[in-house]
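Notebook open, viewer open. I'm jotting down what I look up as I go.

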Amino acid sequence: MATAIDIRSVTKTYTRGNETLRVLDELDLSMAGGTFYALMGPSGSGKTTLLNLCGALDHIDSGEIVVGDTHLEDLDGSELAAWRAAHVGFVFQGFNLLPVLSARENVELPLLLAPLSSRQRREQAERALELVGLKDRMKHRPKELSGGQEQRVAIARAIACDPQVILADEPTGDLDRASADSVLELMQRLNKELQKTILMVTHDPQAATYAEKTIHLDKGKLGRIEDNTAAAARSGS
Ligand code: ADP
Ligand code: MG
């Protein structure tokens, strides 16, 4: 598979007062298209920073990030928004659904940036909700849904524009085990059936086993990359 996300010698620092914090230090990482990656590391190791950089939510200090065939540093403000809308779906720990909107209206939101009629938007949102198994809940508000259902609505919103890449930051961090497993199974299906490239930050070693590979990050440096499919084959599961 072609490379989906190529991180080349990326350095990212934050400045607070007169203190400079080097969060990512000349990081090199190449992620293959159609692969499900878990990203693990201690709190403060730079996981969220790396994820946000891959989605062009923040700027690097030096190096290069190439997603598909786009060099992110070449995009300016309005191009960035359009690029993001078409190419990446974001999933966050706290779901980030708008409470006053129904599930379907939440999923339709990112489609407002696409050149679609209101009817096409509605149909595309309904298809995404069907894919996550929640078409029968599309008129519900977030507070009328369980946490696991809210996260599945958020995943429907992330895939509504059919992006190639899904970036998820601790998507199961606020969920009980059973809800977490259903969200992880859904992510695995998006990878296997729709060939989405997924980068998922997680603290939970069990959540990471749903991914094909686990990338370890520590103090802004890349550690080992584990092949979870080989480990599963060895243990006979
Ligand atoms: P992780 O997701 O692995 O817990 P983060 O990427 O959120 O880590 O943060 C890495 C480090 O960068 C932390 O020390 C954090 O405090 C710092 N940091 C993150 N964002 C900012 C910011 N906007 N300004 C200053 N420091 C930040
Ligand atoms: Mg984080």
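This is a predicted model: local features need pLDDT of at least 70, side-chain atom pairs count only at pLDDT 80 or more; totals for chains, interfaces and linings use all residues.

**Entry 1: strand 7**

I started with strand 6 (residues 88-92) and strand 7, which pair in the parallel sense over five bridges. I take helices (H or I, at least four residues) and strands (E, at least two) as DSSP runs numbered from the N terminus, and I call two strands paired if DSSP finds at least two bridges between them. Phe90 has Leu167 of strand 7 as its bridge partner. Strand 7 also runs parallel to strand 8 (residues 197-201), again joined by five bridges. There, Leu167 stands opposite Leu199. I then followed the chain from strand 7 through helix 6 (residues 177-194) to strand 8 and noted a right-handed β-α-β crossover. Right-handed here means that, with the strands pointing away from the viewer, the path from the first strand over the helix to the second runs clockwise.

Which way do the residues of strand 7 point? Val165, Leu167 and Asp169 go one way, Ile166 and Ala168 the other, and all are buried. Strand 7 covers residues 165-169, so to speak mostly covered: five of its five residues are buried. I count buried as under 20% relative accessible area, exposed as over 50% and partly exposed as in between, with a 1.4 Å probe and protein chains only.**Entry 2: ground rules**

Residues are numbered from 1 along each chain as its sequence is written, chains are lettered from A and ligands numbered from 1 in the order in which they are written, and side-chain values use heavy atoms, with hydrogens and water left out.

Next I looked at an open sheet of four strands, order 2-1-4-5, with antiparallel pairing. Strand 2 and strand 5 stand at its edges with a single partner strand each, so one side of each has no neighbour in the sheet. I find 10 bridges joining strand 1 to strand 2, which run antiparallel. Thr15 has Thr20 of strand 2 as its bridge partner. The hairpin of these two strands has two residues between them, and Gly17 takes a positive phi near 60° there. On strand 4, the antiparallel pairing with strand 1 runs over five bridges. Arg8 has Glu64 of strand 4 as its bridge partner.

**Entry 2: ligand 1**

Who sits around ligand 1? I list Tyr14, Arg16, Leu21, Val23, Pro42, Ser43, Gly44, Ser45, Gly46, Lys47, Thr48 and Thr49, where a residue is near if one of its heavy atoms lies within 4 Å. Strand 1 (3-16), strand 2 (19-32) and helix 1 each supply at least two residues of this shell. Helix 1 gives the most, with three residues.

I then checked polar contacts, meaning pairs of N or O atoms within 3.5 Å; within protein, one must be able to donate a hydrogen and the other to accept it, and residues adjacent in sequence count only if both atoms are side-chain atoms. A polar backbone atom of Gly44 is 2.7 Å from an oxygen atom of ligand 1. From the side chain of Lys47, an N or O atom is 2.8 Å from a ligand 1 oxygen. For Thr49, a polar side-chain atom lies 2.6 Å from an oxygen atom of ligand 1. Taken alone, ligand 1 exposes 560 Å², and the protein buries 65% of that; these areas come from the Shrake-Rupley method with a 1.4 Å probe, and for residues only the protein chains shown count as cover.

**Entry 3: helix 2**

In helix 2 (residues 77-87) I find Leu80, Trp83 and Ala85 buried. The buried residues of this helix pack against helix 1 (47-54), strand 4 (62-67), strand 5 (70-71) and strand 6. Contact in my notes means heavy atoms within 4.5 Å.

Arg104 is in helix 3 (residues 103-108). Not counting residues up to four places away in sequence, Arg104 touches Arg122, Ala125, Glu126, Leu129 and Met138. I also looked up its distance to Arg137: 33 residues apart in sequence, 8.5 Å apart in space, C-alpha to C-alpha.

Is Gln149 buried or exposed? Gln149 counts as buried because its relative accessibility is 16%. Gln149 lies in helix 5 (residues 147-159), and its side chain reaches the backbone nitrogen of Ser146 at 3.0 Å. Leaving aside neighbours within four places in sequence, Gln149 is in contact with Leu134 and Arg137.
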